[in-house]
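Please read the following notes beside the sequence and the model, taking the points in order and finding each element as it is named.

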Amino acid sequence: MSWESLAGDAVDLAPSPSESDRFGVTMARLTVGAVADPHGRAPALAAALAGSEADVVVVRHPAAAGDCAAALAASDRDVLPAGALVYWELLPARRRPPTRTADLVVVAAGEPGAPEDLGGTVEDVVRASFTGYANHYTVDPLLDDDAALAGYVEWARRATTGSPAVPDARAVGTLVLVHAGSPVGVATTSVGADDDDAHHVEVLLAGLGAPWQGRGWYPVLLDAVAERALEAGARRVVISTQVHNVRVQRAWARLGLEPFAAVETVHAVRRGLLAGRR
């Protein structure tokens with residue numbers, strides 16, 4: 001979930017029709033902003049849950065907000081803890097570029113050297129990244145793992161067909177890691193606003209296909225995103241992962257990124273739907 005959508009001061013409940021269609025249960029998203037009023041956020045969360053008719057409400061709230069956790073526990077729903085997201089950022093002064101080899105090239109979609117059709121590469125990366133990976137969908141027995149994977153593929157394809165790379169702070173687009181002329185990895189991005197009219201580039205997905213993992217190439221791809229974003233005038237680069245994904249966070253630390261926020265994810269399920277499903 002994008003940092004921009006989590007960084008505000010609102011407690012927002014919205015239906016999720018695409019997830020409802022994919023999983024065959026009605027789903028909604030309930031987000032407690034990072035700077036929501038600490039005195040009013042828990043009551044607002046409780047009221048939103050009480051008024052929701054969705055079978056599953058995916059709730060995200062600041063990890064330090066114990067009052068929100070208590071409001072969830074006091075609700076009339078079954079609560080499934082689904083893990084925390086950790087958000088990391090890279091500021092220009094902290095960037096530590098990795099060593100690049102001549103046979104690795106990073107190009108933007110649409111530039112010379114980029115494949116015309118990225119669909120296969122994107123699907124390879126998503127399947128390598130999410131097959132067997134413990135994400136928030138996997139904690140919920142109402143939700144099919146294969147459908148979740150298909151959703152990630154669809155999401156990544158949409159991100160890939162978004163804005164191409166342009167030389168300003170509002171877009172970096174999709175970057176492709178090419179080895180010996182063949183695409184082996186992809187990174188998709190979006191752009192979000194910071195508090196002071198500055199902008200940040202957020203990495204939505206960055207990874208390599210399964211045959212290319214473990215070769216030390218991931219830092220080259222991610223640093224290329226940072227290089228283009230910072231040169232284009234973005235204030236910082238933002239990326240996130242599940243808290244248990246320690247390996248990738250070590251790679252981020254080596255590149256100069258630092259953690260700045262943590263967000264809890266909880267599935268609040270209509271009481272009775274989980275009977276016999278756990």
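1. Helix H7 covers residues 218–231, and its 14 residues reach 20 Å from the first C-alpha to the last, close to the 20 Å expected at 1.5 Å a residue, where the expected span of a helix is 1.5 Å times one less than its number of residues. Helices (H or I, at least four residues) and strands (E, at least two) are DSSP runs, numbered from the N terminus. This is a predicted model, in which local features need pLDDT of at least 70 and side-chain atom pairs count only at pLDDT 80 or more, while totals for chains, interfaces and linings use all residues. Residues are numbered from 1 along each chain as its sequence is written, and side-chain values use heavy atoms, with hydrogens and water left out.

2. How many of the 14 residues of H7 are buried? The number is 11, so H7 is largely enclosed by the rest of the structure; here buried means under 20% relative accessible area, exposed over 50%, and partly exposed in between (1.4 Å probe, protein chains only). Among the buried residues of H7 are Tyr218, Pro219, Leu221, Asp223 and Leu230. Just after H7, glycine 233 takes a positive phi of about 105 degrees.

3. The sheet is open and has 10 strands, in the order E1-E2-E3-E10-E4-E9-E8-E7-E6-E5, with mixed pairing; two strands pair if DSSP finds at least two bridges between them. At the edges are strand E1 (11–15) and strand E5 (104–108), each of which pairs on one side only. From one strand to the next the twist averages 25 degrees, with axes taken as lines fitted to C-alpha atoms (for helices over the stretch in contact) and angles running from 0 to 180 degrees between N-to-C directions.

4. Within this sheet, strand E4 is mostly covered, as 11 of its 14 residues are buried. E4 runs antiparallel to E10, to which 11 bridges join it, and glutamate 89 has glutamate 258 in E10 as its bridge partner. E4 also runs antiparallel to E9, with six bridges between them, and there valine 86 stands opposite threonine 241. Strands E8 (residues 199–208) and E9 (residues 236–242), by contrast, run parallel and are joined by three bridges, and arginine 236 in E9 is the bridge partner of histidine 200.

5. Aspartate 78 is found in strand E4, and with a relative accessible area of 16% it is buried. Its side chain makes a polar contact of 3.2 Å with that of arginine 271; a polar contact is a pair of N or O atoms within 3.5 Å, where within protein one must be able to donate a hydrogen and the other to accept it, and residues adjacent in sequence count only if both atoms are side-chain atoms.

6. Helix H5 (residues 119–130) packs on the sheet, touching strand E7 (182–193) and E8, and its direction makes about 85 degrees with that of E8. The buried residues of H5 are Gly119, Thr121, Val122, Val125, Val126 and Phe130. Seen down the axis of H5, these fall within an arc of 165 degrees, so they line one face of the helix; the arc is that of the directions from the helix axis to the C-beta atoms. They pack against helix H6 (145–160), E7 and E8, contact meaning heavy atoms within 4.5 Å.

7. A polar contact of 2.8 Å joins its side chain to that of histidine 267. Not counting residues up to four places away in sequence, histidine 136 touches several residues, including Arg29, Arg60, Tyr152 and Thr265.

8. Please also look at alanine 180, which lies in the loop between strand E6 (175–179) and E7. Most residues other than glycine have a negative phi. Alanine 180, however, has a positive phi of about 50 degrees although it is not a glycine, and with a relative accessible area of 64% it is exposed. Valine 178, placed in strand E6, counts as buried at 8% relative accessibility.
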